[in-house]
Amino acid sequence: LDSSRITAIHNGFSDHFRPLDNVFSVTSKYIDKEKFIFFLGNTDPKKNTLRTLQAYERYLKQSMIKLPLLIADLSAAEIDNYLTQEKIGWIKPNLYMPGYIDNKDLPAIYSGAFVFLYTSLRESFGIPNLECMACGTPVITSNTSAIPEVAGEGAIMVDPTDVEAIAAELIRLENEEEYYNRAVERTAEQTLSVYKELDKVN
């Protein structure tokens, strides 16, 4: 990472993002399940919400566990439009749609999530990836734009237009404990390397 990007991390990546235990008292404000997949999106087409919902539908068809999906920053009405458009309304009982999630609650949400989906088509930076990795949770993100440079080797990279690939990574994390644990270790290693670079800058 070059120094300009390190400065951007310093400006936007708060140190209150760290692994937390016993988070259900916070996460239960948004979802009544202790284990879940987390997606942070909005109506901007670059956030790739439609394909992410399609990938989640494919995941539900293959999964033996069928973890619920917590969706932040999208209203139920907006999500209903996507579900109707794609004729996948049957997945709605598995969706939790609280709308806005307070920033102070995000460390608990990241820490409590089984995996974080950040499958944007493009981002100029992608701070949520680093926030989640700092909380020790695996990240499935995109191999496009600036995202790989920022997330480094700490995240699982996919083609954000490949719905099957996104679903396959969810299933693999769920079914392969060693793969999941390795993803957790990678997030920790990448976050540590970012902190070390910050120390050099400061």
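**Close-up 1. Residues of helix α3 meet residues of helix α8 in this predicted model.** From α3 come Arg 51, Gln 54, Ala 55, Arg 58, Tyr 59 and Gln 62. They meet Val 163, Glu 164, Ile 166, Ala 167, Leu 170, Ile 171 and Glu 174 in α8. Contact means heavy atoms within 4.5 Å. The residues of this contact divide into seven nonpolar, two polar and four charged. Ala, Val, Leu, Ile, Met, Phe, Trp, Tyr, Cys and Pro count as nonpolar; Asp, Glu, Lys and Arg count as charged; the others, Gly among them, are polar.

**Close-up 2. Helices α3 and α8 pack at an angle of about 45°.** Helix α3 spans residues 49–62, and α8 spans residues 163–175. Both names follow DSSP runs numbered from the N terminus (helices: H or I, at least four residues; strands: E, at least two). The axes lie 8 Å apart. Axes are lines fitted to C-alpha atoms, for helices over the stretch in contact, with angles from 0 to 180 degrees between N-to-C directions.

Close-up 3. The structure holds zero disulfides (a disulfide is a pair of cysteine sulfur atoms within 2.5 Å). Cys 132 counts as buried, at 0% relative accessibility. Cys 135 is also buried, at 4%. Buried means under 20% relative accessible area, exposed over 50%, partly exposed in between (1.4 Å probe, protein chains only).

**Notes.** Residues are numbered from 1 along each chain as its sequence is written, and side-chain values use heavy atoms, leaving out hydrogens and water. In this predicted model, local features need pLDDT of at least 70 and side-chain atom pairs count only at pLDDT 80 or more, while totals for chains, interfaces and linings use all residues.
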